[in-house]
Amino acid sequence: MNPHDALTEIATLLERERSSRYKSKAFRAAADAIEGLSDAELHDSGTLRRRKGIGDSSFAVIQEALGGAVPAYLADLRERAGVQRASTLRGLLRGDLHSHSDWSDGLTSIDLMVDAARALGHEYLALTDHSPRLRVANGLSPERLRAQLEIVAGMSGSGFTLLSGIEVDILDGGALDQEPELLDELDVVVASAHSKLRMERGPMTRRLVAAASSSHVDVLGHVTGRLVEGSRGTRPPSTFDPRPVFEACAANGVAVEINSRPERQDPPDELIELALEIGCLFSIDSDAHAPGQLSLLDYGAERAERLGVPAERIVTTWPLERLRQWTQRDRTA
Ligand SMILES: [Zn+2]
Ligand SMILES: [Zn+2]
């Protein structure tokens, strides 16, 4: 087995199961450290072991891979990942409108996110790093976002498009945390609440309705903010009246995000059913913070299929051209 592939697959599987990002980072660093080495250099184990970026675990993986076997650590991870969950709907998804890079709180460069999206067969991926007020996540100032746009513009080609975007914070009063002119320039705007999730029902409803009514917004991200499992602990859903929020989405052509992260599973089933009844569009997104998390779409697709969301109503089943017509639609607000 090719050692570089083994290290990269390990990192990817660690990210998918959302274990410590330091572990995944270490294997990515080891993969970088052996990139381009000749066979002779790889087999010189004394020198290899002392190379920067190679630790005990990655060294063992490289040795086993060079020996022709699937490294035990990788075999374990593959087994834990289990049989890939296959839904018919997953096969219809063409892209993903919510992802992060190391410009905000993602693990890797934009490059590696793009490589992974291409490897999954995506036609498009929107890069949606955080907005300025989310300092804990290194949110992008207008200047940094403008700089990022120049890089994003050069990342498409050969049947893949990296869409520019943002996950913009919905501020307490419902305003969006980025300059309106800059939001206008982006391909995709995902709006999400990350602070004051415990607001009273009335103000929280008004806050989400304001975001869903904004002429800048395309997708309403993880609408309840709940966490149902995982290392960050659990968090109950925000309290708000969902009907007017989803009615505003439907009226404004805003897609309700089905966030695929297993610790979010947001919105809950009954809210997806309500949004369906009200006539909303949906976007099944990974909210990936590492390349290996782009495949979390499997979980979102499985939920949407189980709840009977028709593919036609899911914008991420649409070809790029139709998706662009939608993001450039005439807005009501
Ligand atoms: Zn978010
Ligand atoms: Zn996000």
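Student: Where is the place of Asn-138?
Tutor: Asn-138 is in the loop between strand E2 (124–127) and helix H9 (142–152). Helices (H or I, at least four residues) and strands (E, at least two) are DSSP runs, numbered from the N terminus.
Student: Before we go on, what sort of model is this, and what are the ground rules?
Tutor: It is a predicted model: local features need pLDDT of at least 70, side-chain atom pairs count only at pLDDT 80 or more, and totals for chains, interfaces and linings use all residues. Residues are numbered from 1 along each chain as its sequence is written, chains are lettered from A and ligands numbered from 1 in the order in which they are written, and side-chain values use heavy atoms, with hydrogens and water left out.
Student: Which peptide bond is cis?
Tutor: The one from Asp-266 to Pro-267, with omega near 0°. Pro-267 sits in the loop between strand E6 (255–259) and helix H13 (269–278). Most residues other than glycine have a negative phi, and most peptide bonds are trans.
Student: Zoom out. How many helices and strands are there?
Tutor: The protein has 15 helices and seven strands. Its radius of gyration is 21 Å, close to the 20 Å that the globule rule gives for 333 residues, so the protein is as compact as a globular protein of that length. That radius is taken over C-alpha atoms, and the rule is 2.2 Å times the number of residues to the power 0.38.
Student: What box do the C-alpha atoms fill?
Tutor: Roughly 65 × 40 × 35 Å, along the principal axes.
Student: How much of the protein counts as buried?
Tutor: 53% of the 333 residues.
Student: And the contacts?
Tutor: Take contacts with a separation of 6 or more: residues 24 or more positions apart account for 76% of them. Contact means heavy atoms within 4.5 Å.
Student: Is Leu-89 buried or exposed?
Tutor: Buried, with a relative accessible area of 4%. Leu-89 lies in helix H7 (residues 88–92). Leaving out residues up to four places away in sequence, Leu-89 touches Ile-284, Ala-301, Ala-304, Glu-305, Ala-311, Ile-314 and Thr-317.
Student: Which helix has Leu-320?
Tutor: Helix H15 (residues 320–327). Leu-320 is buried too, at 18% relative accessible area. Beyond its neighbours within four places in sequence, Leu-320 is in contact with Glu-123, Tyr-124, Thr-161 and Leu-163.
Student: Pockets now. What volume has the largest pocket?
Tutor: About 750 Å³. On a 1 Å grid over the protein atoms alone, a cavity is a set of points where a 1.4 Å probe fits but cannot get out, and a pocket is an open set with protein on both sides within 12 Å along at least five of seven lines; lining residues have an atom within 4 Å of a point. Points are joined across faces, edges and corners, and a volume is the space filled by probe spheres set on the points.
Student: Which residues lie nearest the centre of the largest pocket?
Tutor: Arg-21, Arg-232, Arg-261, Glu-263 and His-289, out of 32 lining residues. Helix H1 (3–16) and helix H2 (21–34) each supply at least two residues of that lining.
Student: And the second largest pocket, what volume?
Tutor: About 490 Å³. Of its 24 lining residues, Thr-8, Thr-12, Arg-28, Ala-116 and Pro-291 are the closest to its centre. H1 gives the largest share of the lining, six residues.
Student: How many cavities of 30 Å³ or more?
Tutor: One. About 40 Å³ of space lies in the largest cavity.

Conventions. Buried < 20%, exposed > 50% of the residue type's maximum accessible area, 1.4 Å probe, protein only.
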